[in-house]
Amino acid sequence: MASLKSRTKRASGIRKQNIIFYCISEGTRTEPDYIQNISKIYTNIKFYMVQKSHHDPKNLLNKMKSFMRETPCQENDKFIIFLDRDEWLVDDIKRIWQWKQQDTSHRMVIFSNPCFELWLLRHYISGVGATTKDICHSQLVQQNSNLSGKSIPIDTFNREDCQTACKFSKRYSSSCWENVGFTNGHVLIDILEEGLNKLSSSAS
């Protein structure tokens with residue numbers, strides 16, 4: 001992934017053929033590392049982190065809005081906010097969902113309750129019963145001891161793992177973000193899968 005500086009140069013008109021997903025996350029390590037992992041799998045999309053500093057939902061949304069005002073957006077580009085439930089105020093989280101609803105073609109929210117580790121866990125198992133951050137982390141480490149810290153080593157996940165996460169997420173996720181057990185990372189992976197399949201079809 002490129003830095004903000006190199007992203008700005010590209011967005012000014014150099015990368016006319018590239019689709020870019022601009023991402024900002026509450027976490028400073030786990031989510032950016034995950035994005036770097038999937039960028040190695042779904043190479044048809046360019047991923048750029050807007051910022052890697054910790055923010056609450058209100059500041060996270062403001063940072064993204066500010067970034068969007070100065071960033072040219074092409075037809076298939078997307079602006080994505082990654083956020084966990086944690087202990088944030090419900091009203092602040094609702095504002096992020098409202099922001100997404102204002103332009104569903106270009107805006108996405110990848111949300112996990114109780115934490116992003118639930119989405120990571122579903123790359124291995126269903127995650128049913130993983131109702132707290134501690135449980136999610138403990139079960140995740142049981143599946144992969146390399147995930148005991150905040151960072152995710154490169155090449156931790158492959159395409160099959162991502163497809164497994166989608167399967168479990170669609171089957172076992174709660175239907176409402178306010179409920180424990182909700183995670184919608186499959187929305188992002190489905191888009192990436194569709195793009196990669198189209199690319200494969202056109203090449204054959």
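**Exercise 1.** At what angle do helix 3 and helix 4 pack, and how far apart are their axes?

*Basis.* This is a predicted model, in which local features need pLDDT of at least 70, side-chain atom pairs count only at pLDDT 80 or more, and totals for chains, interfaces and linings use all residues. Residues are numbered from 1 along each chain as its sequence is written, and side-chain values use heavy atoms, with hydrogens and water left out.

*Solution.* 
1. Helix 3 (residues 57–69) and helix 4 (residues 90–101) pack at about 25 degrees, with axes 8 Å apart. Axes are lines fitted to C-alpha atoms, for helices over the stretch in contact, and angles run from 0 to 180 degrees between N-to-C directions. Helices (H or I, at least four residues) and strands (E, at least two) are DSSP runs, numbered from the N terminus.
2. The two helices are therefore roughly parallel, a term for angles under 35 degrees.
3. Pro57, Lys58, Leu61, Met64, Lys65 and Met68 of helix 3 make the contact (heavy atoms within 4.5 Å) with Asp92, Ile93, Arg95, Ile96 and Trp99 of helix 4.

**Exercise 2.** Which way do the residues of strand 4 point?

*Solution.* 
1. In a regular strand, side chains alternate between the two faces of the sheet.
2. From strand 4, Arg107, Val109, Phe111 and Asn113 point one way, and Met108, Ile110 and Ser112 the other.
3. In strand 4 (residues 107–113), 7 of 7 residues are buried, meaning under 20% relative accessible area (1.4 Å probe, protein chains only).

**Exercise 3.** Which residue of strand 5 stands opposite Asn113?

*Solution.* Strand 4 pairs with strand 5 (residues 182–183) in the antiparallel sense over 2 bridges; pairing requires at least two DSSP bridges. Phe182 stands opposite Asn113.

Methods. Angles under 35 degrees count as roughly parallel, over 145 as roughly antiparallel, 65 to 115 as roughly perpendicular and the rest as oblique. Buried means under 20% relative accessible area, exposed over 50%, partly exposed in between (1.4 Å probe, protein chains only).
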